[in-house]
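These are my notebook entries on one protein chain. I set down what I looked up, in the order in which I looked.

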Amino acid sequence: MTAASSISRNAPSAVSASLVVSSLLNVHTSGRGFVDLTAEVAQFAQEVRAIEGQLTLFTRHTSASLTIQENADPTVLKDLTAALDRLAPEDFGWSHDSEGPDDMPAHVKTMLSATSLQVPVMKGKLMLGTWQAVYLIEHRRRPHAREVVMQFVGKTSPG
């Protein structure tokens, strides 16, 4: 037997998605870890005057990934890094090691996370939750230059 639940939603809204706006975000990482992209993503949405639609992010790499995660407690990111390291350890004995012992585990970590994300935009706001932030996860030990494609599809306000 399950507990009673309550579910509700507001009325649907519709827009004609005839506009696509894109931008390339260059991210210079300092090595393994999380880079908060939320402010840059929000600035892009503001600059394109996004009102209603979908903002897509896509990283053009196989050893870095994207995630939406908690932004309140930094120990969450520390624990997530530790969990990924346990799932894909450097000392596993990987066959692919031509780019160093951290490369193949980085590919596995990217496969376990995501190379693209979508964030809805409603009434001019990114619909991220209170404790959510958008992060690029650098899975390699050394610094890298990463590219993230940002693309908004939807309705914008007149400029």
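**Entry 1. Contacts along the chain.** I began with contacts in the protein chain whose partners have a separation of 6 or more, and found that residues 24 or more positions apart account for 84% of them. I note that the model is predicted. I then looked up burial and recorded that 34% of the 159 residues count as buried. The C-alpha atoms fill a box of roughly 55 × 50 × 25 Å along the principal axes.

**Entry 2. Secondary structure.** I listed three helices and eight strands in the protein chain. Read along the sequence, they follow the pattern β-β-α-β-β-α-α-β-β-β-β.

**Entry 3. The sheet of five strands.** In what order do the strands of the five-stranded open sheet stand? I read the order as β1-β8-β3-β5-β6, with antiparallel pairing. The edges are β1 (19-28) and β6 (125-126); each has a single partner strand, so one side of each is left without a neighbour in the sheet.

I next followed the pairings within this sheet. β1 and β8 run antiparallel and are joined by 10 bridges; Leu 19 has Gly 154 in β8 as its bridge partner. Strand β8 (residues 145-156) also pairs with strand β3 (residues 50-59), in the antiparallel sense, over nine bridges. There I found Leu 55 opposite Phe 152 of β8. β3 is joined in turn to strand β5 (residues 116-122) by six bridges, again antiparallel, and Phe 58 has Ser 116 in β5 as its bridge partner.

**Entry 4. The sheet of three strands.** I found an open sheet of three strands in the order β2-β7-β4, with antiparallel pairing. β2 (33-36) and β4 (64-70) are its edge strands, each pairing on one side only. From one strand to the next, the twist averages 35°. β4 pairs with strand β7 (residues 132-138) over seven bridges, in the antiparallel sense, and Gln 69 stands opposite Ala 133 in β7.

**Entry 5. The nonpolar cores.** Which residues have the most contacts inside the largest nonpolar core? I noted Leu 37, Val 41, Leu 55, Leu 57, Leu 126 and Val 148, in a core of 22 residues. The elements that give two or more residues to this core are β1, α1 (38-47), β3, β4, β5, β7 and β8. A second, separate core has five residues, including Leu 77, Ala 133, Tyr 135 and Ile 137. As background I wrote down that nonpolar side chains tend to be buried together in soluble globular proteins.

I then took Leu 57 as an example and left aside its neighbours within four places in sequence. Among its contacts are Val 41, Leu 66, Leu 117, Val 119, Val 134 and Val 148. Thr 115 and Ser 116 are also in contact with Leu 57.

**Entry 6. Ser 65.** Is Ser 65 buried or exposed? It has 0% relative accessibility, and because buried means under 20%, Ser 65 counts as buried. I located Ser 65 in strand β4. The side chains of Ser 65 and Ser 113 are joined by a polar contact of 2.7 Å. Not counting residues up to four places away in sequence, Ser 65 touches several others, among them Thr 59, Lys 109, Thr 110, Tyr 135 and His 139.

**Entry 7. Helix α3.** I looked up the buried residues of helix α3 (residues 103-112) and listed Asp 103, Pro 105, Ala 106, Val 108, Lys 109 and Thr 110. What covers them includes β4 and α2 (74-87).

**Entry 8. Aromatic pairs.** How many aromatic pairs does the structure hold? I counted two. Phe 34 and Tyr 135 form an edge-to-face pair, 5.7 Å centre to centre, with 90° between the planes. This pair links distant parts of the chain, since Phe 34 is in strand β2 and Tyr 135 in strand β7, 101 residues apart. Both Phe 34 and Tyr 135 are buried.

Phe 92 and Trp 94 form a tilted pair, 4.5 Å centre to centre, with 45° between the planes. Phe 92 is exposed, with a relative accessible area of 56%, while Trp 94 counts as partly exposed at 22% relative accessibility.

Notes
Residues are numbered from 1 along each chain as its sequence is written. This is a predicted model: local features need pLDDT of at least 70, side-chain atom pairs count only at pLDDT 80 or more; totals for chains, interfaces and linings use all residues. Side-chain values use heavy atoms; hydrogens and water are left out. Two strands pair if DSSP finds at least two bridges between them. Helices (H or I, at least four residues) and strands (E, at least two) are DSSP runs, numbered from the N terminus. Axes are lines fitted to C-alpha atoms, for helices over the stretch in contact, and angles run from 0 to 180 degrees between N-to-C directions. A nonpolar core is a set of buried Ala, Val, Leu, Ile, Met, Phe, Trp, Tyr and Cys residues joined through side-chain atoms within 4.5 Å. Buried means under 20% relative accessible area, exposed over 50%, partly exposed in between (1.4 Å probe, protein chains only). Contact means heavy atoms within 4.5 Å. A polar contact is a pair of N or O atoms within 3.5 Å; within protein, one must be able to donate a hydrogen and the other to accept it, and residues adjacent in sequence count only if both atoms are side-chain atoms. Rings of Phe, Tyr and Trp (its six-membered ring) pair if their centres lie within 6.5 Å; planes under 30 degrees apart count as stacked, over 60 as edge-to-face and the rest as tilted.
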